[in-house]
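Subject: Structure handover

Hello,

Here is the structure you asked about. Please open it next to this email and follow along.

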Amino acid sequence: MAAPAEPAQPTGRTDRAEPAGRAALLVERRSIDFVPDAERHGTAFSQFTLWLGANLQITAVVTGALAVVFGGDAFWSLIGLVAGNLVGGAVMALHSAQGPRLGLPQMISSRAQFGVKGAVVPLLLVIVMYVGFFASGTVLAGQAVGELTHLGETPGIVIFALVTAVTATVGYRVIHTLGRVASVVCALAFVYLGIRLLGRIDLTAVLHDRAFHLPMFLLAMSLSASWQLAFGPYVADYSRYLPRTTSAGATFWWTLGGSALGSQWSMTFGVLVAATAGGAFLDDQVGYVVGLGGTGLIASFLYFTIALGKLTINVLNTYGGFMSMVTGIGGFRGHRTVGQRARALYIGAIMLAGTAVALAGKDSFLTSFKDFLLFLLTFFTPWSAINLVDYYLISRERYDVPALFDTAGRYGAWRWDALCVYAAGVLAQLPFLATSFYTGPLVAPLGGADISWIVGLAVPAALYFVLARRNRNRNTGGTPTVDGAAAPYREPHGCP
């Protein structure tokens, strides 16, 4: 992927210009507002360490295990998981490449497609996603914290949730620091666990059954693709501080590399464990993984590693939930900035909701989590398709930044045409969807295969492209000049 031509520098005066020293503070001051060039920092490699650390964790292990638990063989499950991680990861990484270019959180850019207020429709579902992932991660991390502190599972869940909320409140810099630490610590732990596992099993026997079953292959692919696509609504939040000169190609490849490698590593471990451990793993996922490593100090280290890996991803979910809530509410109230007290309140609300769901659903985790992943896929593939088609093919990587905060601007308050395409993308998937609570009429003719996510990418992408081409001038970034080039970005009024 070639790096795009760089837009001109933003012009205009901000109303909260900070002293140079403030940019180096640990506690983040910005939220959904534009990040000026003076505050940009880091390199694209930071995306690799962040997403590697976020994916080397116990929930990704469970996701891989589900491919076997629900009927797949190890060999084709592994290949299906690889395919899903690469396809879903590529879509997710295309979102990440928007961050340095725009200097804005991911869901703010959705206003260009759905309108300043209309973006709240996918945002509501995004918030549900964050709460769900917070809850599922807290269940497993709470078990680890409970064992590590000898306080039990429920206190462990509460302690972990509090630590997550505090870390997310500090913001961007500590999130990337956490990702760097987790990428090293968790990688070492997974290498050790992998050696221990391979010493116990006959890998040749595990991979011996190679009979291909399309429905099980597509289930594995759907599980890993949904895992990757679920990062799409917030991935640019963690690349938006990169310098504007950062190559789009570098951002794409480092993000894809870290996310696909970390998730496939964890999911491969999960497949092998589920294929050999049977009920021992299903009854106690955390306990089995730690028991595989050993006892005493080693067990304590592994409990700590599980908690650290889950802390990394849960902080991303909490921070992303905060961004989404502010984006949604700000679209109606005209807010561009959020104070530290309001920030803490938003994050606290996400923590309380996620903790409540975790405590209520901890006893039926595996089945609930599989259905949750497929449910998410139904609603986020159309959003990804619309966002990427608009950004790369229609707007050609240029948005009128001030208009993203102005209901009277070129993007308007509600883009009903785009919302109808989004609804059509969701509905088009229903005949192909297979979950425990609903199975579409076209699943059986396909041998039980779930291809809803493929339909959910293709249908809205095609519909939106045709629709948006008719209104292309409204969606191009900046104000066109006489020679047809885009004018420089203008920083939104009131943006610090």
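Alanine 205 is found in helix H9, residues 203–206. Helices here are DSSP runs of H or I with at least four residues, strands are runs of E with at least two, and both are numbered from the N terminus. Alanine 205 counts as partly exposed, because its relative accessibility is 48%. The cut-offs are these: buried is under 20% relative accessible area, exposed is over 50%, and partly exposed is in between, using a 1.4 Å probe and protein chains only. The C-alpha of alanine 205 is separated by 10.0 Å from that of threonine 276, 71 residues apart along the chain.

Before going further, note that this is a predicted model, in which local features need pLDDT of at least 70, side-chain atom pairs count only at pLDDT 80 or more, and totals for chains, interfaces and linings use all residues. Residues are numbered from 1 along each chain as its sequence is written, and side-chain values use heavy atoms, with hydrogens and water left out.

**Helix H11**

H11 is mostly covered, with 21 of its 30 residues buried. At its start, a side-chain oxygen of serine 247 comes to within 3.1 Å of the backbone nitrogen of glycine 249. This is a polar contact: a pair of N or O atoms within 3.5 Å, where within protein one must be able to donate a hydrogen and the other to accept it, and residues adjacent in sequence count only if both atoms are side-chain atoms. After H11 comes glycine 278, with a positive phi near 60°.

**Helix H3**

H3 runs over residues 74–96. It has 23 residues and spans 31 Å between its first and last C-alpha, close to the expected 33 Å. At its start, a side-chain oxygen of aspartate 73 reaches to within 3.2 Å of the backbone nitrogen of phenylalanine 75. The ring of phenylalanine 75 also has the charged end of arginine 210 over it, 4.4 Å from its centre. A charge sits over a ring if NZ of Lys or CZ of Arg is within 6 Å of the ring centre and within 35 degrees of the ring normal. Arginine 111 does likewise with phenylalanine 405, lying over its face at 5.6 Å from the ring centre.

**Aromatic pairs**

How many aromatic pairs does a search of the whole structure find? The count is 29. Rings of Phe, Tyr and Trp (its six-membered ring) pair if their centres lie within 6.5 Å; planes under 30 degrees apart count as stacked, over 60 as edge-to-face and the rest as tilted. Tyrosine 399 and tyrosine 411 are edge-to-face, because their planes are at 90°, with centres 6.2 Å apart. Both sit in the loop between helix H16 (365–394) and helix H17 (416–429), 12 residues apart. Tyrosine 399 is buried at 0% relative accessibility, and tyrosine 411 is buried at 1%. Tryptophan 414 and tryptophan 416 are stacked, because their planes are at 10°, with centres 5.1 Å apart. Tryptophan 414 is partly exposed at 33%, whereas tryptophan 416 is exposed at 54%. Ring pairs also build a cluster, whose members include Trp51, Tyr130, Trp227 and Tyr346.

**Two positive phi values outside glycine**

Histidine 150 has phi near 60°. It lies in the loop between helix H6 (120–149) and helix H7 (153–170) and is exposed, at 72%. Glutamate 397 has phi near 65°. It is found in the loop between H16 and H17 and is buried, at 19%.

**Cavities**

There are 5 cavities of 30 Å³ or more. On a 1 Å grid over the protein atoms alone, a cavity is a set of points where a 1.4 Å probe fits but cannot get out, and lining residues have an atom within 4 Å of a point. Which helix gives the largest share of its lining? H8 does, with 4 residues. Among the lining residues are Leu56, Cys186, Phe190 and Thr305.

Best wishes

Terms used
The expected span of a helix is 1.5 Å times one less than its number of residues. On a 1 Å grid over the protein atoms alone, a cavity is a set of points where a 1.4 Å probe fits but cannot get out, and a pocket is an open set with protein on both sides within 12 Å along at least five of seven lines; lining residues have an atom within 4 Å of a point. Grid points are joined across faces, edges and corners, and a volume is the space filled by probe spheres set on the points.
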